[in-house]
Amino acid sequence: MAKGFLGFVLHAHLPFVRHPEYERFLEEDWLFEAISETYLPLLRMFNRLLEDKIKFKLTFSISPTLSEMLTDDLLMKRYMAYVENRIELGEKELDRTKNEPEVNRTVQIYLDLFRKNLEDFNGLYRQNILWGFRSLEKEGVLEIITTASTHAFLPLFEEYPQALEAQIQNAVISHGRNFGTKPSGFWLPECGYFPGLEKYLKANNIKYFFVAEHGILLSDRKPENGVYAPLQLPNKTFAFGRDYSLTEAVWSADTGYPGDPVYRDFYRDIGYDLPLDYIRPYIHEPDVRVNTGYKYYAVTGDTDDKKFYNSEAARIRIEEHAEDFIRKHLDQIEKLEGLMDKIPFLITPYDAELFGHWWFEGVEWMELVIRKVHDRSDDLQMITPLDYLSRVPESQVGVPSFSSWGNKGYSEVWIDGKNDWIYRHIHKAIDRMTELVFRYPDESGLKLRVLNQAAREVLLCMASDWPFIMKTGTTVPYAVKRIREHIHNFNYIYDNLRRNTVDTGWLTKVERKNNVFPDLDYTIFGASR
Amino acid sequence: MTRDRLSSYSLFDLYKIAENKGIKYNYSDANREELVEIILDAFEEDENEREITNNAAMQLKSKKYDILQDYELEAQEKKVYSIPDRYNETRIVLLLRDPHWAYTYWDLNENMVSELKNELFFEGFFLRVFELKEKKSFGGDSYTKDNILDYYDIPVDEGDDSWYINLGKIGKFFGIELCSLVYGKEKILSRSNIIKSPRGFVAENIENISNDPGMMTLLLSGLWDYNVKGENVLPQRIISIMESQDLSFNN
């Protein structure tokens, strides 16, 4: 029997971004970069482990908006074009750098990555990579869970039960359509929890969810086992808390692994470094320089004089960092020995896109960690929350505290001077949507289409991504535009319904653009418990 | 990179960027190099603020949206979607931000405002922040005399529509009334929902916990790697709890 359980939780999410009105759209690259650098490399890594008969199991959350995009014909066609374009660039780069062996070797790494991506995407997964995740779940190595439909930060909708129900129930429906299963677990967006949320989760047959460590530490009863065992809530759902210090080993800006000088630098990209005439076909029009994914420098340190990336040097460091991560787990387990009456469960949740995209070596690091855990099965074992609950039925009891994993642990990232203006509009849209369900409880034909689109627009404007971007300042004008667009669309529908008119041409256009959740039933906004 | 890009812009475009960033500049003294430097400083200041106000998890998360290094310069939104500023209804909403702060927004019906302003002795609007004993369930009135523990007022202008409220106490219920004042007479225009600030839980004496296995596990859960005596390195949320004079212990 292992001395401790290790619970990797990866949360894959991107907001719904789809712009058929443009031939190419900048923010769609979020998805294409994540597929290329994170999702496909992770799938390959999991399959390698399976082939080598390595015993492992982890929890993988895939958001409904991401699932919908990964099965969208237009976006997947665009992804093909994207990856073909990157292969073409790689081939040109191989030739351009043929007299610079240090760089040339790195070019080859990227070119291999993109070629393999194209091969897997078309051959193995037939342009639907969700099949890859489904098949891993069937193999018993992944437990796929869901999250709120559009990744709403749920504590800010505590007073809107109909919206909570819509976010959760529709997510379970979308999960069923995309994965053919009923999810047992739920990733609370940004670990945002408030006491009472479990009622809506339970109503949708969710058995467990994750919270930030202080959610458990500050629960209404003293949690004897801290975050090392779940908290059973009065309604028999379970809250699992993350291990802060182990998570920080990867996250910390000062001491986290990804910032090591030998690792690949994220910022230096040939999209910015090479002459416009050369790079033009691989950036956005009109001559907007963007990341191409071809990055040849190492982090090096706080200097503009970056060293070339050396994958061999990085490999040595990955090995050291994987070993360090295991050692940190064992240290923690050793400290816990004698303090608990059960085997501790150490949970480390991460945004999946951190691996491969931001931390280029992250996928390889995780593979090494999993192999090392396999080699030390006397000490450590990788399991999921469901596994844990079947092995350790006795839990500490309590209700977690209001909490999130955002800055300072509460809502300040999502309510801030930069984004607080959005809530009066979103709350109003939710109220009005509920009013529409009351006024039109059973519609069909054109009115049904209108009402379903109204519900889609409300869900889309609730996404936590837009206030997050406004606060962190990456693509603020786009985030503002998206909130305004969905509120505008909803209000237009609402006003038209009050006048008993329908703008069919407009509706068709909006339906084609914001086509997320094709089977959404607007009456979901009347189903509050 | 940004400097090169800024330098390639016309003076007119630089003005626009400076204006968008809220930079006050005497345009009659236009000096291209100086303007580029001022804009760069503003970008750097924003960047620093983001680093300070976002933890590691949030900073890393933001990388997945990071596709363009000079986004602020490149983003040109063609379509502007119109949305109303307000919804012409009288309503106040309270949202919990953290154990010490809440955010409130409100709206006022225009006709009601006109009527109030036509009153001879209209004095203005104010918010009344209540600390409540509990939140009555099933729609019961939580603002009864025996349920109100304390309250204070914040005068607001007609043009205001939101406010950050310092709650002051953790583990307590709070609500807000939006009120008007006419000739010394108060009138409740709208009442908010009721929120509860999260309660705290921490050992009474952090020096003497080594004999308590339960507390040791708690420390390992989140505090082990911090020097518990050095407050500067403790997470803000823990500092907030420890500093509070109103802890609700449960040991």
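In helix α13 of chain A, the residues G362(A), V363(A), W365(A), M366(A), E367(A), V369(A), I370(A), K372(A) and V373(A) are buried, where buried means under 20% relative accessible area, exposed means over 50% and partly exposed lies in between, with a 1.4 Å probe and protein chains only. Helices (H or I, at least four residues) and strands (E, at least two) are DSSP runs, numbered from the N terminus. This is a predicted model, in which local features need pLDDT of at least 70 and side-chain atom pairs count only at pLDDT 80 or more, while totals for chains, interfaces and linings use all residues. Residues are numbered from 1 along each chain as its sequence is written, chains are lettered from A and ligands numbered from 1 in the order in which they are written, and side-chain values use heavy atoms, with hydrogens and water left out.

- Helix α13(A) covers residues 362–375, and its 14 residues should span 20 Å at 1.5 Å a residue, which agrees with the 20 Å between its end C-alpha atoms; the expected span is 1.5 Å times one less than the number of residues.
- The buried residues of α13(A) pack against β1 (4–12), α1, β2 (58–62), α9 (244–251), α12 (311–336) and β9 (380–382) of chain A.
- E361(A) lies in the loop between β8 (345–351) and α13 of chain A, and E361(A) is buried, with a relative accessible area of 3%.
- Not counting residues up to four places away in sequence, E361(A) touches Y263(A), R264(A), Y309(A), A314(A) and I318(A), contact meaning heavy atoms within 4.5 Å.
- From C-alpha to C-alpha, E361(A) and I318(A) are 7.2 Å apart in space, although 43 residues separate them in sequence.

**Chain A overall**

- Chain A has 19 helices and 10 strands.
- Of the 529 residues in chain A, 67% are buried.
- Among the contacts in chain A with a separation of 6 or more, 80% join residues 24 or more positions apart.

**Nonpolar cores**

- In soluble globular proteins, nonpolar side chains tend to be buried together.
- A nonpolar core is a set of buried Ala, Val, Leu, Ile, Met, Phe, Trp, Tyr and Cys residues joined through side-chain atoms within 4.5 Å.
- The largest nonpolar core has 226 residues, of which F60(A) and W365(A) touch the most other members.
- Helix α1 (residues 29–51) of chain A gives this core its largest share, 12 residues.
- A second, separate core of 12 residues includes Y9(B), L14(B), I23(B) and L35(B).
- Leaving aside residues up to four places away in sequence, F60(A) has contacts that include L10(A), L42(A), F46(A), F133(A) and A352(A).

**Helix α6 of chain A**

- The 19 residues of helix α6(A), residues 161–179, should span 27 Å at 1.5 Å a residue; the end C-alpha atoms are 26 Å apart, which agrees.
- Helix α6(A) is mostly covered, with 14 of its 19 residues buried.

- S464(A) is found in the loop between α16 (445–461) and α17 (465–472) of chain A, and S464(A) is buried at a relative accessible area of 1%.
- Not counting residues up to four places away in sequence, S464(A) touches T150(A), H151(A), A152(A), F153(A), E190(A) and W414(A).
- In α17(A), 8 of the 8 residues are buried, among them D465(A), W466(A), F468(A) and K471(A).
- G473(A) follows α17(A) and has a positive phi, near 75 degrees.

**Cavities**

- There are 7 cavities of 30 Å³ or more, a cavity being a set of points on a 1 Å grid over the protein atoms alone where a 1.4 Å probe fits but cannot get out, with lining residues having an atom within 4 Å of a point.
- The second largest cavity holds about 60 Å³ of space; grid points are joined across faces, edges and corners, and a volume is the space filled by probe spheres set on the points.
- V450(A), Y492(A), I493(A), N496(A), T501(A), V502(A), D503(A), W506(A) and L507(A) line the second largest cavity.
- Helices α18 (476–498) and α19 (504–513) of chain A each supply at least two residues of this lining, and α18(A) gives the largest share, 3 residues.

**A position in chain B**

- E110(B) lies in helix α6 (residues 110–118) of chain B and counts as exposed at 56% relative accessibility.
- E110(B) and T90(B) are 20 residues apart in sequence and 8.7 Å apart in space, C-alpha to C-alpha.

Definitions and conventions
1 Å grid on protein atoms, 1.4 Å probe; cavity = no way out; pocket = protein on both sides within 12 Å on 5 of 7 lines; lining within 4 Å.
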